[in-house]
Amino acid sequence: MKWLRIVVFILALVIISHPPVRSLQETPKIAFFSARDGNLEIYTMNADGSNQARLTNTPSQEINPDWSPDNRTIAFMSDRDGNWEIYVMNADGSSPGRLTYEGAEDWSPAFSPDGTQIAFESQRDGNSEIYLMNRDGSNQHAITDTPTTDEWSPAWSPDGTQIAFASNRDGDWDIYIMDTDGQNPRRVYDNDLDDYIPAWSPDGQYLAFQSTLEQPFEEEIRVIMVVSVDGSEVRQITDESTDSYGPNWSPDGTRLAFVSYHLGKADIYTMNPLGGKVVNLTRLEEYGDNYAPDWSY
Ligand SMILES: [Ca+2]
Ligand SMILES: [Ca+2]
Ligand SMILES: [Ca+2]
Ligand SMILES: [Ca+2]
């Protein structure tokens, strides 16, 4: 199988200090969304699964939270106003504010490392492109222009100079990196199946992402992979026993959070990307299905 040819490498766990604009929390939190209370809402919890708290409470759907670098704001998506739009709220769920006003779908907000901009994807120009806007919603503009293919799930490099994303521009979904003005797009990882949802390691050296593997006599399986940004080194993080989705790094780079189905429901797990103990943070039945972990700074 293709993955057997993948070069396994030793992921250097160099802990890089964050730029001064970030206030590293003493106890980092994980934001996520869950269906546990009847429909989709945004929640936060401590990185050990304790102190799970609901931030939204609406009859509509709230998904895909993203922390601002100062940990004071969470961007998210909701269909509360009729279709998917980007919103922000305080980290305790107070003072929600709407940033997009388009009839098309607006998805996947991602704060820039300096907190001044939000990248997102939108279909407002006919199909999916990556857009940028200021933190207050002003100056919304596309940085990709691919009329026949889709661009999804932008992720800023920690130094703010590049954006990783997923695109099907070369036939199937692969992971790409471009400059923040959309120039110099280049493919980082090429698998013939679907690759989505890149997440930059805090030291800027690696991307974690969701990949797909063919299984003999079985359906395809989703796994978490890590690739060096030059594409030269690739490591498979999760095994093929069940589907895993949507990785996100801890602020010190020593753990990955992701979604997996080992208990038959969607739970948020963490593990060291080099292996070792896997921890389920949402295993209780009353916690229902849980998705899209985003670690605070
Ligand atoms: Ca809701
Ligand atoms: Ca919209
Ligand atoms: Ca496009
Ligand atoms: Ca692919």
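User: Which residue in strand 5 is the bridge partner of isoleucine 63?

Analyst: Heads-up, this is a predicted model: local features need pLDDT of at least 70, side-chain atom pairs count only at pLDDT 80 or more, and totals for chains, interfaces and linings use all residues. Residue numbers start from 1 along each chain as its sequence is written, with chains lettered from A and ligands numbered from 1 in the order in which they are written. Strand 5 (residues 73-78) runs antiparallel to strand 4, with 4 bridges joining the two. In strand 5, isoleucine 63 finds its bridge partner in methionine 77.

User: What is the radius of gyration of the chain?

Analyst: The radius is taken over C-alpha atoms, and the globule rule is 2.2 Å times the number of residues to the power 0.38. For 297 residues, a compact globule would come out near 19 Å, and the chain agrees with that. The C-alpha trace spans about 50 × 45 × 40 Å along its principal axes. The radius of gyration of the chain is 18 Å.

User: Over which residues does pLDDT stay under 50?

Analyst: pLDDT is the predictor's confidence in each residue, from 0 to 100. The chain averages 91, and 92% of the residues score at least 70. Where pLDDT is low, the predicted coordinates should not be read in detail. The stretch under 50 is residues 1-22.

User: By what angle are neighbouring strands of the 16-17-18-19 sheet turned against each other on average?

Analyst: This open sheet has 4 strands and antiparallel pairing, with strand 16 (196-200) and strand 19 (234-236) at the edges. Axes are lines fitted to C-alpha atoms (for helices over the stretch in contact), and angles run from 0 to 180 degrees between N-to-C directions. With direction ignored, the average turn is 30°.

User: Which residue in strand 15 is the bridge partner of tyrosine 176?

Analyst: Tyrosine 176 sits in strand 14, where it is also the bridge partner of phenylalanine 165. Strand 14 is joined to strand 13 (residues 162-167) by 6 bridges and to strand 15 by 3 bridges, antiparallel in both cases. Strand 14 is mostly covered, with 5 of its 6 residues buried. In strand 15, the partner of tyrosine 176 is arginine 187.

User: What is the phi of asparagine 184?

Analyst: Asparagine 184 lies in the loop between strand 14 (174-179) and strand 15 (186-189). Asparagine 184 counts as exposed because there are 9 other C-beta atoms within 10 Å. Most residues other than glycine have a negative phi. Asparagine 184 has a positive phi of about 60°.

User: Is tryptophan 107 buried or exposed?

Analyst: Tryptophan 107 belongs to strand 8 (residues 106-111). Two residues are in contact if their C-beta atoms, placed from the backbone, lie within 7 Å; leaving aside neighbours within four places in sequence, tryptophan 107 touches Met77, Trp84, Phe120 and Glu121. With 20 other C-beta atoms within 10 Å, tryptophan 107 is buried.

Methods: Two strands pair if DSSP finds at least two bridges between them. A residue is buried if 20 or more other C-beta atoms lie within 10 Å of its own, exposed if 12 or fewer, and partly exposed in between; C-beta atoms are placed from the backbone.
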